[in-house]
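Please look over the sequence and the three-dimensional model shown here before reading the briefing that follows.

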Amino acid sequence: MKTWKTDGITNILPEEFYALVARNREHIAKTFPVTLAGCTDFESTVAFLLQGAENVENGTYYYFYPRDISSGKLIGYLVVKNIDRHVSKCELGYFIDKDFQGLGITSKLVANALIFCFETLLMNKVYICTSTTNTASQKVALKNGFVQEGILKEEFKNGDGLLEDIVYFGLLKSDYII
Ligand SMILES: CC(C)(COP(=O)(O)OP(=O)(O)OC[C@H]1O[C@@H](n2cnc3c(N)ncnc32)[C@H](O)[C@@H]1OP(=O)(O)O)[C@@H](O)C(=O)NCCC(=O)NCCS
């Protein structure tokens, strides 16, 4: 039985997104510096979500939020970003609440996002960038059929302000099997 469902941005309250970010501050400090900086308190989170809703309207970003069904608690976030409609490619970023890791939720969330990217956005390629040490995120990519294309040197500034190498995983529509 499915224990979680996915909500869109219009069903997300600022207080619950702020609570999600606040209780996962350490967990996502290195990987989600922009989200952390955008959600330092309730007021900034209201603005962050309003901007997000505008992004969806403009077709520049899309967001998927897993919610635990029994508690109603918001438990994660997946963003479709860096949408390049000329080359038909986009990137996925995601995190899951620290208490809900290892349950396969992010892998399934990515699988659902791939259907959206290939069938609704008509992308030709979806990619994921992970830290070289982020085994869990690399597994999420590999389990969904992504292929490691290479390592990009000092490509990402992490939450500590350090430039990190990233592992670039790509999935082409022609290699995508539902
Ligand atoms: C990376 C992350 C999103 C994985 O989410 P998840 O919901 O736990 O992923 P899944 O349950 O789908 O598991 C994927 C695989 O990673 C493994 N895994 C989960 N947490 C792990 C951890 N802390 N260390 C090592 N492996 C882990 C799972 O066992 C599973 O492997 P398996 O299929 O061989 O059993 C989550 O750990 C997270 O939010 N991390 C912080 C933010 C982040 O790094 N985001 C990614 C940026 S690229």
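At roughly what angle do the axes of helix α1 and helix α4 cross, and within what distance do they come? The axes of helix α1 (residues 14-23) and helix α4 (residues 42-58) come within 9 Å and cross at roughly 110°, where axes are lines fitted to C-alpha atoms, for helices over the stretch in contact, and angles run from 0 to 180 degrees between N-to-C directions. The model is a predicted one, in which local features need pLDDT of at least 70 and side-chain atom pairs count only at pLDDT 80 or more, whereas totals for chains, interfaces and linings use all residues. Residues are numbered from 1 along each chain as its sequence is written.

**Overall fold**

- The protein has six helices and seven strands, these being DSSP runs numbered from the N terminus (H or I over at least four residues for helices, E over at least two for strands).
- In sequence order the pattern is β-α-α-α-α-β-β-β-α-β-α-β-β.
- The radius of gyration is 16 Å, close to the 16 Å that the globule rule gives for 178 residues, so the protein is as compact as a globular protein of that length; the radius is taken over C-alpha atoms, and the rule is 2.2 Å times the number of residues to the power 0.38.
- The C-alpha trace spans about 40 × 35 × 35 Å along its principal axes.
- Of the 178 residues, 29% count as buried, which requires 20 or more other C-beta atoms within 10 Å of a residue's own, while 12 or fewer make it exposed and values in between partly exposed, with C-beta atoms placed from the backbone.

**Packing of α1 against α4**

- The two helices α1 and α4 are therefore roughly perpendicular to each other, a label for angles of 65 to 115 degrees, as against under 35 for roughly parallel, over 145 for roughly antiparallel and oblique for the rest.
- On the α1 side Pro14, Glu15, Phe17 and Tyr18 meet Phe42, Thr45, Val46 and Leu49 of α4, contact being defined by C-beta atoms, placed from the backbone, that lie within 7 Å.
- The residues of this contact comprise six nonpolar, one polar and one charged, where Ala, Val, Leu, Ile, Met, Phe, Trp, Tyr, Cys and Pro count as nonpolar, Asp, Glu, Lys and Arg as charged, and the others, Gly among them, as polar.

**Surroundings of the ligand**

- The ligand is surrounded by 22 residues, of which Phe95, Gln101, Thr106, Ser107 and Ala136 are the closest; a residue is near a molecule if its C-beta atom, placed from the backbone, lies within 6 Å of it.
- At least two residues of the shell come from each of α2 (25-28), β4 (89-96), α5 (105-120) and α6 (135-143), and α6 gives the most, with six residues.
- By class, the shell holds eight nonpolar, 12 polar and two charged residues.

**Individual residues**

- Asparagine 24, in the loop between α1 and α2, counts as buried with 21 C-beta neighbours inside 10 Å.
- Leaving out residues up to four places away in sequence, asparagine 24 touches Phe95, Asp97 and Lys98; asparagine 24 and lysine 98 are 74 residues apart in sequence and 6.5 Å apart in space, C-alpha to C-alpha.
- Aspartate 84 belongs to strand β3 (residues 76-84) and is exposed, with 12 other C-beta atoms within 10 Å.
- The C-alpha atoms of aspartate 84 and lysine 98 are separated by 31 Å, at 14 residues apart along the chain.

Terms used
Two residues are in contact if their C-beta atoms, placed from the backbone, lie within 7 Å.
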